[in-house]
Amino acid sequence: MSCEEEPPVHDYALLVNEFIQERNAAAGCAAAVALRAEQLRAIQKRLLVRYRDKNAVPLGALDLLLEAAYQQLQLATSAAQANEGALATAARRLATGSETLVQFVRFRCRLEPGAWRLVRSCLCADLPQLIGGGSNDASTIGWLETATSALEHLLSQTDAGQQQPPRQPLRRMEDSSQFVRALTTLCSRLAAGAKFPPALTAQTG
């Protein structure tokens, strides 16, 4: 079985960008909830000091501030919960797109089983955990960073005979430019007939 169409990297990049947008929004929501909760605790502490004072002192509108802070916390929490659904939807769309792209690359580049399993491991390995909510991908290094690092490592393996640079520590990424660049380059090299070392493909079983 073969495929003459080019892998839909551009369409796939739209799914990646959608996921990143929701992931960044989730990080913002989490920060907002933390901030509102901290403000609420600060006001509560000030009120406790006033209540414990043996001499009656005015509350200085702290009770009103407390109510306002609680309402703001509720709003921030509701926004975070709504974002969780949007992030989960984006993750499911990304998972479907990843599997589809891998099959395009497999048949377009006529990859051997070991080679296409390598490509699939880069894009799809962490997606089940991500979709299931098993990792806090919104605020930590997650799928985007590990997938980009894995793709760049595969790229280095197609440059047989050249000195390979050391792999850089993972850092949180705010956009998909580095990921898309690595994916596009890898697809182009594989379409041109680049091969992975047999020792590497043998590791995929």
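The model is predicted. The protein chain has 205 residues, of which 35% are buried. Its secondary structure comprises 7 helices and 0 strands, giving the pattern α-α-α-α-α-α-α along the sequence. Among contacts between residues at least 6 apart in sequence, 81% join residues at least 24 apart.

**Packing of α1 with α2**

- Helix α1 spans residues 9-52 and helix α2 spans residues 62-108. The two pack with their axes 7 Å apart, at an angle of about 160 degrees.
- That angle is over 145 degrees, so α1 counts as roughly antiparallel to α2.
- The crossing in which α1 passes α2 is left-handed.
- Sorted by class, the residues in the contact of α1 with α2 are 29 nonpolar, 7 polar and 8 charged.

**Leu62 in α2**

- Leu62 belongs to helix α2. Its relative accessibility is 1%, so Leu62 counts as buried.
- Leaving aside residues up to four places away in sequence, Leu62 touches Ile43, Arg46, Leu47 and Arg50.
- Arg50 is 12 residues from Leu62 along the chain, and the C-alpha atoms of these two residues are separated by 9.5 Å.

**The loop between α2 and α3**

- Arg110 is located in the loop between α2 and α3.
- The phi angle of Arg110 is near 55 degrees, a positive value in a residue other than glycine.

- Helix α3 covers residues 113-124 and has 12 residues. At 1.5 Å a residue it should span 16 Å, and this agrees with the 16 Å between its end C-alpha atoms.
- Buried positions in α3 are Gly114, Ala115, Trp116, Leu118, Val119, Cys122, Leu123 and Cys124.
- The axes of α2 and α3 are 10 Å apart, and the helices pack at an angle of about 160 degrees. α2 and α3 are therefore roughly antiparallel to each other.
- α2 and α3 form a right-handed crossing.
- On the α2 side, Ser98, Glu99, Leu101, Val102, Gln103 and Arg106 take part, meeting Trp116, Arg120, Leu123 and Cys124 in α3.
- By class, this contact of α2 with α3 has 5 nonpolar, 2 polar and 3 charged residues.
- Among the α3 residues that meet α2 are Trp116, Leu123 and Cys124, and these residues are also buried.

- Gly142 lies in the loop that runs between α4 (127-131) and α5.
- The relative accessible area of Gly142 is 8%, so this residue is buried.
- Gly142 and Leu170 are 28 residues apart along the chain, with their C-alpha atoms separated by 9.5 Å.

**Helix α5**

- Helix α5 consists of 15 residues, 143-157. From its first C-alpha to its last it reaches 21 Å, close to the 21 Å expected at 1.5 Å a residue.
- Of the 15 residues of α5, 11 are buried, so α5 is largely enclosed by the rest of the structure.
- The buried residues of α5 are Trp143, Leu144, Glu145, Ala147, Thr148, Ser149, Ala150, Leu151, Leu154, Leu155 and Ser156.

**Packing of α1 with α5**

- α1 and α5 have axes 11 Å apart and pack at an angle of about 140 degrees. That makes α1 oblique to α5, because angles count as roughly antiparallel when they are over 145 degrees.
- The contact of α1 with α5 has, by class, 6 nonpolar, no polar and 2 charged residues.

Note on methods. Residues numbered from 1 in each chain as written. Predicted model: local features only at pLDDT ≥ 70, side-chain atom pairs only at ≥ 80, totals over all residues. Heavy atoms only, no water. Helix = DSSP H or I, 4+ residues; strand = E, 2+ residues; numbered from the N terminus. Expected span 1.5 Å × (residues − 1). Buried < 20%, exposed > 50% of the residue type's maximum accessible area, 1.4 Å probe, protein only. Axes fitted to C-alpha atoms, helices over the stretch in contact; angles between N-to-C directions. Parallel < 35°, antiparallel > 145°, perpendicular 65-115°, else oblique. Left-handed = near helix turned anticlockwise from the far one by under 90°. Nonpolar A, V, L, I, M, F, W, Y, C, P; charged D, E, K, R; others polar. Contact = heavy atoms within 4.5 Å.
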